[in-house]
Amino acid sequence: MHVALTGATGFLGLRLLRRLLDTHRSVTVLAHAGSGDALQRIIRFFELTGSPEAFTAALPDRLRVVETDLARAGLGLSGHAFQELADGIGTLWHSAGSINLEGDLAELRRTNVEGTRHVLELAAAGRLRPRVHHVSTAFVAGARREGVAYEDELDDAHGFENAYERSKYEAELLVHAWSKEHGRPVLVLRPGILVTDLPPHPDLPSHPLQVVERILRDARHAPGPGTPALRADARPRVRMVGHALGRLNLLQVEHAAEVMVRLAGRAPSGGVDTYHVVHDRDVSVTTVVEVLERLVAVSVELVDARPDTPSALESLLDFYPGMTAYLAHRRRFDDTRVRARLGPSAASAPVGAGYLRAGLAARPWTVPAPPGATADVSPPVHRA
Ligand SMILES: NC(=O)c1ccc[n+]([C@@H]2O[C@H](COP(=O)([O-])OP(=O)(O)OC[C@H]3O[C@@H](n4cnc5c(N)ncnc54)[C@H](OP(=O)(O)O)[C@@H]3O)[C@@H](O)[C@H]2O)c1
């Protein structure tokens with residue numbers, strides 16, 4: 001079955017693409033129109049992450065790039081191009097979206113909700129009745145900060161920390177309605193926060209913690225208009241709302257992609273099958289804070305509420321509300337279904353301070369061996 005993927009240039013999408021190319025001779029990439037040369041960006045990722053030259057050289061033949069815009073009806077394609085695309089797809093992976101935690105709801109709805117609607121319309125139009133694999137987020141659980149979030153839950157009873165969470169929740173509602181209306185199965189994959197130990201690189205997409213580190217560093221270096229620059233050896237105190245017993249679910253992005261592709265290989269129930277693709281051990285907020293403190297010369301103090309008189313630096317950080325909300329979370333994501341399907345192999349190696357530091361600290365780039373690297377780089381025989 002021919003497979004198509006949205007969001008293939010993204011932090012997760014690149015890893016999904018890597019996995020899909022293990023078992024598919026070719027993949028259709030539904031790239032973001034007007035957002036740079038998707039093929040070159042993808043090739044660059046594989047070069048930087050150590051894929052053999054013969055593999056990257058074969059990518060232009062193995063990838064069919066179709067420029068699309070999630071936010072536009074028919075994905076911005078002509079009626080003919082839309083139908084032709086739909087008819088050629090056997091499996092449709094939808095990983096594209098906006099993960100902007102500060103974004104406004106209208107904008108996020110256009111990409112994440114209307115975008116999902118347009119992708120589902122593509123799946124509905126396909127004569128092969130393509131299987132749909134929708135990438136959501138564990139954070140549809142919303143603003144519930146304690147307790148356990150289960151895979152079969154989908155409600156807005158606790159509200160949301162930000163418009164991103166709400167938009168992903170609304171996208172899942174659409175998926176449920178679509179599955180019911182068309183009598184079609186959908187796989188919904190809800191990852192936790194995805195991380196890597198590859199250092200930041202200008203040609204690679206960032207992950208959420210890298211964004212947080214950058215914001216903290218920028219604020220530390222330019223603490224605001226009218227405020228004197230800090231001495232290089234200063235370590236200013238930053239009060240951030242958070243909980244000393246808070247914890248975050250951080251999962252290696254390569255592992256998340258592997259688990260997702262394995263889940264996609266399971267027989268569907270016929271309706272919506274939802275899985276929490278999460279780590280079985282959370283990382284404490286204090287570990288994350290310590291890692292950030294070592295990288296950026298600040299001293300973070302977790303407090304219960306926003307300070308009444310914030311410093312210039314604290315005010316700058318307030319511009320990123322998506323960040324601080326999570327430092328107060330103590331909930332756990334239940335992944336019983338994933339473990340029931342995949343057994344102990346669903347578990348990944350621990351994510352510790354060293355791993356996080358490696359993925360945040362700028363350092364000279366060395367090409368790593370790609371995960372599961374083998375000497376054989378010939379395109380695989382079509383298997384799925
Ligand atoms: N990263 C995480 O920690 C995390 C955690 C939980 C869930 N998720 C979910 O995982 C999925 C992938 O996230 P990610 O980390 O890979 O995000 P990302 O790095 O920001 O990538 C987003 C992808 O979506 C594409 N895209 C954005 N707007 C588009 C549009 N209007 N039309 C077509 N394509 C568009 C981007 O293309 P361009 O790059 O060309 O703009 C990019 O390929 C998302 O659905 C997200 O909600 C991510």
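This report describes the sheet and the ligand site of the structure above.

**The sheet**

The model is predicted. Its open sheet has 7 strands, in the order 3-2-1-4-5-7-12. The pairing is parallel. Strand 3, residues 63-68, stands at one edge, and strand 12, residues 272-277, stands at an edge too. Each of these two has a single partner strand, so one side of each is left without a neighbour in the sheet. From one strand to the next, the twist averages 20 degrees.

Within the sheet, strand 1 covers residues 3-6 and strand 4 covers residues 91-94. The two run parallel and are joined by 4 bridges. In this region, Ala4 stands opposite Leu92 of strand 4.

Helix 2, residues 38-48, lies across strand 2 (27-32) and strand 3. The helix runs at about 130 degrees to strand 3.

**The ligand site**

How many residues surround the ligand? There are 28 of them, and the closest are Thr9, Ser35, Arg41, Tyr164 and Lys168. By type, the shell divides into 12 nonpolar, 13 polar and 3 charged residues.

Which elements supply the shell? Helix 1 (11-23), helix 6 (163-182) and strand 8 (193-195) each give at least two residues. Helix 1 gives the largest share, with 3 residues.

| Residue | Protein atom | Ligand atom | Distance |
|---|---|---|---|
| His32 | polar side-chain atom | oxygen | 2.7 Å |
| Asp69 | side-chain N or O atom | nitrogen | 3.0 Å |
| Leu70 | backbone N or O atom | nitrogen | 3.0 Å |

On its own, the ligand has 900 Å² of accessible area. The protein covers 88% of that area.

His32 also belongs to the sheet part of this account, as strand 2 spans residues 27-32. There, helix 2 lies across strand 2, while at the ligand a polar side-chain atom of His32 lies 2.7 Å from an oxygen atom.

Technical notes. Residues numbered from 1 in each chain as written. Predicted model: local features only at pLDDT ≥ 70, side-chain atom pairs only at ≥ 80, totals over all residues. Heavy atoms only, no water. Pairing = 2+ DSSP bridges. Axes fitted to C-alpha atoms, helices over the stretch in contact; angles between N-to-C directions. Contact = heavy atoms within 4.5 Å. Near = heavy atom within 4 Å. Polar contact = N/O pair within 3.5 Å; in protein donor to acceptor, adjacent residues only side chain to side chain. Areas by Shrake-Rupley, 256 points an atom, 1.4 Å probe, with all protein chains shown as cover. Nonpolar A, V, L, I, M, F, W, Y, C, P; charged D, E, K, R; others polar.
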